[in-house]
Amino acid sequence: MSENKKWHSLDLGLNKKKEASGACGCGKSQGSCNSQEEELSADEFYEAAINASIGDERQRDGFEQVFDVKMDRRTAFKKLTASLLIGAGAVSTSCSVVAGDDTKEKAQIDWEEQFKGNYKLMNDEEKQGTINRLMRSYELRTGKNISMTAENAEEDVLFGYAFNISKCQGYMDCVSACVEENNQDRNSQMQYIRIHEMKDGEGFKFDKADDNYYHEVPAEGHFYLGTQCFHCDNPPCVEVCPVQATWKEEDGLVVIDYDWCIGCRYCMAACPYDGRRFNWSKPEVPANEINKNQHYLGNRMRKKGVMEKCTFCVQRSRKGKNPACVDACPTGARIFGNLLDPNSTIRWVLENKKVFRLKEDLGTEPKFWYFMD
């Protein structure tokens, strides 16, 4: 067995941290919190929001999850106001004698979507319900159809990725394929993948790398290294999310519920690999360029003010396909597969090549390796 094999250092059992919560979500394990009588400090509000999001929220329905979460007054007021406006609009429209059937149906869909729960807490029936509403809403708004799925993680699957530095020539076909596949905003030129051009002999100096080169490649005296979300086994981005809008799935994919994200960008700050992107404006994708084969946790259309990132193309990988970047690479520098399959190419690479990962000392256990021929 090769001494360079590192896949075994992953927590293949996907350890789950023990969760604790107080009786009322305030963080106290005993006694009354007197939440209606005492003024909470900013720190107490923050702790209450976290405890409410990971405590007994699993027993709450979507309506309770929207309203019954302790947080700072400004955020709570904004969420309450937005919910009431949507609700008032939906009720008004549905009761109007002049509104058409399609308008009333859309208002009802908006109402139901506003008060749905966190996706990771839904059962399969509830997941399919929100999928059906989103597809119908798109049809009502555009007159066109999309296909959206909600495939769950399969058993005995743990996705991993390897990048051959020797083969990458900096062509960026992977970047273009990723943008098209995942319906990324064209106006801001959002990109999940970064290709770093570095000088030979200087090591991995990201602060001196050129990530926006516009010359012919490969450039003499340089090498290329790609980065994206590494889908860590111990993802720090998940730890800091105050509303549990991002989490790690059983197949190792770190995902986001875009409808539950509040745009605080804590996860963006916590990621040591620059793997997350924020929508500062409403994402725009030309109608003729929209990829209509979508997954709820993947490439469905996002909105302003939420986080997004590489999902290893969940809409493809859970169907047994490679991520778009892997298939688009003209030099075969990208390898993707199931780490639990001893016959997979990714396992062969990890067992037979000298592989390494970025910032190993942080203990994030990224499922993304680099190697050279």
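Mentor: A polar contact is a pair of N or O atoms within 3.5 Å. Keep that in mind as we look at this predicted model.

Trainee: Happy to! What makes the pairing of the T246 side chain with the side chain of R276 a polar contact?

Mentor: The two side chains come to 2.8 Å, and the cut-off is 3.5 Å, so the pair qualifies as a polar contact.

Trainee: Which backbone oxygen does the side chain of T246 reach?

Mentor: That of V255, at 2.7 Å. V255 and R276 are also among the residues in contact with T246 once its neighbours within four places in sequence are left aside. That list also includes C237, V238 and C241.

Trainee: Where is T246 found?

Mentor: In strand 5, which covers residues 246–248.

Trainee: And why is T246 called buried?

Mentor: Its relative accessibility is 2%. Buried means under 20%, so T246 counts as buried.

Trainee: What about C329 and C168?

Mentor: The reasoning carries over: the sulfur of C329 is 6.4 Å from its closest cysteine sulfur, in C168, therefore too far for a bond. The count for the model is 0 disulfides.

Trainee: Are C325 and C329 buried or exposed?

Mentor: C325 has 5% relative accessibility and C329 has a relative accessible area of 16%. With the cut-off for buried at under 20%, both therefore count as buried.

Terms used:
Residues are numbered from 1 along each chain as its sequence is written. This is a predicted model: local features need pLDDT of at least 70, side-chain atom pairs count only at pLDDT 80 or more; totals for chains, interfaces and linings use all residues. Side-chain values use heavy atoms; hydrogens and water are left out. Helices (H or I, at least four residues) and strands (E, at least two) are DSSP runs, numbered from the N terminus. Buried means under 20% relative accessible area, exposed over 50%, partly exposed in between (1.4 Å probe, protein chains only). A polar contact is a pair of N or O atoms within 3.5 Å; within protein, one must be able to donate a hydrogen and the other to accept it, and residues adjacent in sequence count only if both atoms are side-chain atoms. Contact means heavy atoms within 4.5 Å. A disulfide is a pair of cysteine sulfur atoms within 2.5 Å.
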